[in-house]
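Visitor: I would like to learn how to read a protein structure. Could you guide me through one?

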Amino acid sequence: MEKIIKPTSKYNLELAANHLGELSDLTILPGFCDVHVHFREPGFSYKETIASGCAAAARGGYTAVCTMPNLNPTPDGVDTLSVQTDIIRRDATIDVLPYGTITKGQLGKELADMEAICGDVIAFSDDGRGVQDDGLMREAMYRAKALGKMIVAHCEDNSLLKGGYIHDGEYARAHGHKGICSASEYKQIERDLRLASEVGCKYHVCHISCKESVQLIRDAKKSGVDVTCETAPHYLVLTDADLKEEGRFKMNPPLRGVADREALIQGITDGTVDMLATDHAPHSAEEKSRGLSGSAFGIVGLEIAFPLMYTHLVKKGVISMDRLMELLAYAPRQRFGLPNAEDYSVWMLDKEFVVNPDEFLSKGRATPFEGQRLFGVNMLTAHGDKIVYKK
């Protein structure tokens with residue numbers, strides 16, 4: 001064991017050594033935490049299950065994940081949440097922390113039974129849908145504040161979507177596609193920041209993708225709003241110039257322009273962007289086979305997030321390894337009130353591989369990074385006193 005990024009217990013070091021033998025050039029990293037994943041169960045187990053999602057997460061070095069609530073049934077009350085938590089207790093091999101919905105059925109009409117479920121959820125979110133009604137979002141923030149919970153928002157103004165499905169940029173115009181304007185994201189962030197300032201609640205913005213969102217959050221932090229945000233690895237590596245006419249390039253928010261990617265990179269270097277989350281969103285092969293216009297939104301990301309960021313950001317000198325660990329492990333746990341566990345993963349950082357979706361442990365296979373050469377192979381992930389992944 002040559003390098004240790006985070007001190008781990010003597011027991012853990014011995015456990016890793018026993019499993020990996022005499023391998024050299026190994027780096028021990030803390031167990032990562034992803035606050036934005038879709039494990040699809042209950043309701044959509046053909047896309048992913050708690051078990052398969054945990055396997056994919058562990059392979060990627062993750063030992064804690066927060067699961068989004070766009071499920072069937074949606075976790076908006078005690079009975080509906082229990083359907084999911086029963087499966088988690090039965091099948092989870094890492095820490096799986098569910099969100100509760102902000103509104104009943106994620107329909108944006110009335111608030112969920114927030115008081116009844118607050119003790120069993122990590123936070124409240126209607127991810128996949130923006131809460132359109134200003135008054136309803138204000139009331140949700142007041143109730144979340146009283147409960148000591150955070151509002152975690154998918155920010156999207158439906159009135160500005162106009163049927164779009166990729167970024168409203170050069171590629172969309174050149175190829176006759178309907179575009180999603182950046183304003184559909186940042187205008188709702190702007191509204192929510194105003195409400196969060198008024199209410200004084202904890203507020204977190206999901207998967208920001210455009211330069212205006214970065215600046216709005218930067219300014220809000222300076223003014224004292226209790227706000228954090230995440231972006232995803234694909235927004236830091238790709239732009240709409242990289243699009244192909246395939247469903248594996250379709251996600252929401254979409255890949256945006258070069259100036260947006262540059263602003264997001266600046267955001268992770270100056271602290272405006274607090275953490276990285278994959279928005280791991282598996283679908284069936286059929287659902288992702290209908291091109292850009294007809295495929296479902298969402299790609300998978302848990303199994304290659306660290307290699308992507310290590311290859312494109314750390315090895316290129318954009319950020320340090322310490323900063324990457326802050327983004328992947330420490331900041332998510334701190335903001336969401338999770339302890340810094342003794343979990344860890346063991347990596348061969350100099351080992352190169354080609355991204356092959358057929359090797360994924362996730363049921364999902366859609367990734368825009370198929371065929372890319374990346375550095376960093378995980379050899380083992382430990383959660384507590386258990387090995388939850390071993391290559």
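Predicted model: local features only at pLDDT ≥ 70, side-chain atom pairs only at ≥ 80, totals over all residues.

Guide: Residues are numbered from 1 along each chain as its sequence is written, and side-chain values use heavy atoms, with hydrogens and water left out.

Visitor: How many helices and strands does the protein have?

Guide: Both are DSSP runs numbered from the N terminus: helices are H or I with at least four residues, strands E with at least two. Here there are 13 helices and 14 strands.

Visitor: In what order do the strands of the open sheet lie?

Guide: Two strands pair if DSSP finds at least two bridges between them. The open sheet has four strands, ordered S6-S9-S10-S11 with parallel pairing. Its edge strands, S6 (151–153) and S11 (275–276), each pair on one side only. Strand S9 (residues 203–205) pairs with strand S10 (residues 227–231) over three bridges in the parallel sense, and Tyr203 stands opposite Val227 in S10.

Visitor: What share of the residues is buried?

Guide: Buried means under 20% relative accessible area, with a 1.4 Å probe and protein chains only. Of the 391 residues, 60% count as buried.

Visitor: And which residues make contacts across the chain?

Guide: A contact means heavy atoms within 4.5 Å. Among contacts with a separation of 6 or more, residues 24 or more positions apart account for 74%.

Visitor: What are the spans of the C-alpha trace?

Guide: Along its principal axes, the trace spans about 60 × 50 × 45 Å.

Notes:
Buried < 20%, exposed > 50% of the residue type's maximum accessible area, 1.4 Å probe, protein only.
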